[in-house]
Amino acid sequence: QLKPRELSGTNGATAPFWSPDSAFVGYLAENKIWKVPVGGGESSIITFTQGGFVGGRGASWGTDDRIIYSRGGTGLLEVPARGGEPRPLLDTDPKTDNDFHQPHSLPDGRGVLFVVHRTRHGSDTLALFAGGTRRVLLQLEGQSIWNPIYSPTGHILYRRAPANPGLWAVPFSLSRLEATGEPFLVEPDGNFASVSSEG
């Protein structure tokens, strides 16, 4: 539908994210991760986080019913979508990393996309954590990458700035878990994308 409506109890919500079945919207607020049913009803707490949320925060609800998140200023953490205690998923390397930003779960638990905020270079690296291994998919020195998200069209979308800013895409093979082409501009000055399961 085209008419917007407010979801109850979501004042102060930031960094919204969908459940895989689109029945819930998760969000961050008040040092907690919450979920609220799209069809109506009250918000409920998934977990309390240690410390507040800062820039680069984000969360993603995977098809394996795990929520992977970063508070900003941290590595990656995970918590069951039904609720529970968070636990570390991937720690930063103190020699090279400040923190990780805005994780996004790939379909079928294939891995997690995230932005690496490097100590001397800023948020210029798109990375993948899969099979217990972290690897770089894209590195743009002098640029900033934000909000990576997988599209079933076979691309990773992301925000890039400051040079030629906008919404960009890089071809990506879900089966091989690697970039398969050069990045290209999708929408000048475009920002945060939300992609349906049908692309």
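**Strands, hairpins and a pocket**

Four strands make up an open antiparallel sheet, ordered 9-10-11-12. Here strands are DSSP runs of E with at least two residues, numbered from the N terminus, and two of them pair if DSSP finds at least two bridges between them. At the edges of this sheet lie strand 9 (97-105) and strand 12 (133-139), each of which pairs on one side only. From one strand to the next the twist averages 30 degrees, taken between axes that are lines fitted to C-alpha atoms, with angles that run from 0 to 180 degrees between N-to-C directions.

The model is predicted: local features need pLDDT of at least 70 and side-chain atom pairs count only at pLDDT 80 or more, while totals for chains, interfaces and linings use all residues. Residues are numbered from 1 along each chain as its sequence is written, and side-chain values use heavy atoms, with hydrogens and water left out.

Within the sheet, strand 9 is joined to strand 10 (residues 112-118) by six bridges, and the two run antiparallel. Phe100 stands opposite Val116 of strand 10.

Strand 5 and strand 6 are antiparallel partners over four bridges, and Trp61 has Ile67 in strand 6 as its bridge partner. Four residues separate strand 5 from strand 6 in their hairpin, and Asp65 in the turn has a positive phi of about 65 degrees. Strand 6 (residues 66-70) also pairs with strand 7 (residues 76-80), again antiparallel and over four bridges. The hairpin of strand 6 and strand 7 has five residues between the strands, with Gly72 in the turn showing a positive phi of about 80 degrees. Strand 6 is mostly covered, as four of its five residues are buried (under 20% relative accessible area, with a 1.4 Å probe and protein chains only).

Attention now turns to the largest pocket. A pocket is an open set of points on a 1 Å grid over the protein atoms alone, where a 1.4 Å probe fits and protein lies on both sides within 12 Å along at least five of seven lines; lining residues have an atom within 4 Å of a point. The largest pocket holds about 1,100 Å³ of space, a volume filled by probe spheres set on the points. Its lining comprises 39 residues, and Phe17, Trp18, His104, Ile149 and Ser194 lie nearest the centre. Strand 1 (14-18), strand 5 (58-61), strand 9 and strand 13 (144-151) each contribute at least two lining residues; strand 1 gives the most, with five.

Note on methods. Buried means under 20% relative accessible area, exposed over 50%, partly exposed in between (1.4 Å probe, protein chains only).
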